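Hi,

Here is the structure I said I'd pass along.

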Amino acid sequence: MKSQIILTLVKLSINQNIMKIIKKISRLVLFIVLLCAIYLAVVILFGTITNYQPDETIDLEIKGSLNNETIEKDTFSILSWNIGFCGLGAEMDFFYDGGKMVRPTSELIEKYTNGACNFLTKNSDADFIILQEVDQESSRTKRQNEVEIISQALPEYSYSYADNYHVRFVPVPFTNPLGKVKAGQMNLSRMNPMESKRIAFQSSYAWPKNLFMLDRCFILSRFKLQNGKEIVVLNTHNSAYDANGKLRNAEMPLIRKMMLEEYAKGNYVVAGGDWNQNPPNFNPELVNKKYPVKQQESITEGYFPRDWNIVYDSNLPTNRNIETPLVEGETLTTVIDYFILSPNIDVLNIKVVPQNFQYSDHEAVLLRFVLQKGSIPED
């Protein structure tokens, strides 16, 4: 009888201890959930207060070399390159794209920055250079000012810069937040532009995600020709992380409308950059098979009038997947960097300038073109 009573008391004691442990665990879980809710509320409040809300059109400051504003030739070259904020070279993957890494090491930042500057210096005979993903005071690249670094590497160029990613604190990943991001696009030219403008795309994620994502835009730079007309150069970086294409579908009509309007004035229009979509009728079978090639959403055939040209190098990819570091024969690639030209411009040649994705997840694209006969008065 005594043994049964003792056994009952022991069980009761164990049950009471288990209940105490469960209560403690429940309180701890509740405390953690409460902390997470407070953290999330503070992050959203801070993001709302500091939210970057640029005007639809912003006049950009033109800096650097001040060259003659009137252009007296008809043949030009333009280089477009998404430099991956000097942080997405061959050794990197990136969490936004399914990888694990959040930011490169100091050594990799230095390697990619030096590699990008050396490449741009070697190609500094280009009349125009348009760059995407140029960091300026971002935590992910040790707050280095890449606008300043690049402009110092190319002192003979005029330049303008526009933010398209300006967030004081990006809270993801939760355990290792990306932190401050200030990055954008940069137009450089050997001729001084008449003006340079940041033009906002009317596309955005839903709240509160939009507080921590990019504010997409394109830069429009205008150059005066001897015949009174203008070359209009557009530098675009369309939306990524846009599986159904909703954001890009909101962006394309604006850039198309502006290009058609400029052409209707008699101007010469060149738009390039990272379109984050394949060109029309893209055929993966034509691309070099050093890396597998994927097909994704593309600009619809006929979206621009038939006499407009969408030109790209069909032989080499311009972008790689960054869910893993670069692996030859395995990493998926595609073509999303190219140019769209008005009908009064003839293409001389276009080519990818390969660097094997060593310093960025994009390759640069170089276009040479000529304004059609009569664009520059003959002597």
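**Pockets and cavities**

Strand 6 and strand 13 (319–320) each put at least two residues into the lining of the largest pocket. Helices here are DSSP runs of H or I with at least four residues, strands are runs of E with at least two, and both are numbered from the N terminus.

Before going on, the ground rules. This is a predicted model, where local features need pLDDT of at least 70, side-chain atom pairs count only at pLDDT 80 or more, and totals for chains, interfaces and linings use all residues. Residues are numbered from 1 along each chain as its sequence is written, and side-chain values use heavy atoms, with hydrogens and water left out.

Back to that pocket: its volume is about 650 Å³. The lining has 32 residues, and Asp 97, Ala 240, Tyr 241, Asn 276 and Asn 319 lie nearest the centre. By type, the lining of the largest pocket splits into twelve nonpolar, eight polar and twelve charged.

You'll want the grid details: on a 1 Å grid over the protein atoms alone, a cavity is a set of points where a 1.4 Å probe fits but cannot get out, a pocket is an open set with protein on both sides within 12 Å along at least five of seven lines, and lining residues have an atom within 4 Å of a point. Points are joined across faces, edges and corners, and a volume is the space filled by probe spheres set on the points.

As for cavities, searching the whole structure turns up two of 30 Å³ or more. The largest cavity has a volume of about 70 Å³. Among its 14 lining residues, Asn 187, Leu 188, Ser 189, Ser 221 and Phe 223 lie nearest the centre. Strand 5, strand 6, strand 7 and strand 9 (217–225) are the elements giving two or more residues to this lining. The lining of the largest cavity comes out as nine nonpolar, five polar and no charged.

The second largest cavity has a volume of about 50 Å³. Its lining includes Ser 203, Tyr 205, Arg 216, Tyr 241 and Glu 251, and divides into six nonpolar, three polar and two charged.

**The sheet and its helices**

There is an open sheet of seven strands in the order 2-6-7-5-4-17-16, with mixed pairing. Strand 2 (63–64) and strand 16 (345–353) are at the edges with a single partner strand each, so one side of each has no neighbour in the sheet. Two strands count as paired if DSSP finds at least two bridges between them. Strand 4 (residues 75–82) and strand 5 (residues 128–135) run parallel and are joined by five bridges; Trp 81 has Leu 131 in strand 5 as its bridge partner.

Helix 2 lies across strand 4, strand 5, strand 16 and strand 17 (364–371), at about 170 degrees to strand 4. Axes are lines fitted to C-alpha atoms (for helices, over the stretch in contact), with angles from 0 to 180 degrees between N-to-C directions. Helix 3 lies across strand 5, strand 6 (158–170) and strand 7 (179–189), at about 150 degrees to strand 5.

Helix 2 (residues 106–122) and helix 3 (residues 146–153) also pack on each other, at an angle of about 35 degrees with axes 9 Å apart. Contact (heavy atoms within 4.5 Å) brings Thr 113, Cys 117, Leu 120 and Thr 121 of helix 2 to Ile 149, Ile 150 and Ala 153 of helix 3. These contact residues are five nonpolar, two polar and no charged.

Most residues other than glycine have a negative phi, and most peptide bonds are trans. Val 172 and Pro 173 are joined by a cis peptide bond, with omega about -10 degrees, and Pro 173 is in the loop between strand 6 and strand 7. Another cis peptide bond joins Trp 207 and Pro 208, with omega about 5 degrees. Lys 142, in the loop between strand 5 and helix 3, has a positive phi near 55 degrees.

Cheers

Methods: Ala, Val, Leu, Ile, Met, Phe, Trp, Tyr, Cys and Pro count as nonpolar, Asp, Glu, Lys and Arg as charged, and the others, Gly among them, as polar.
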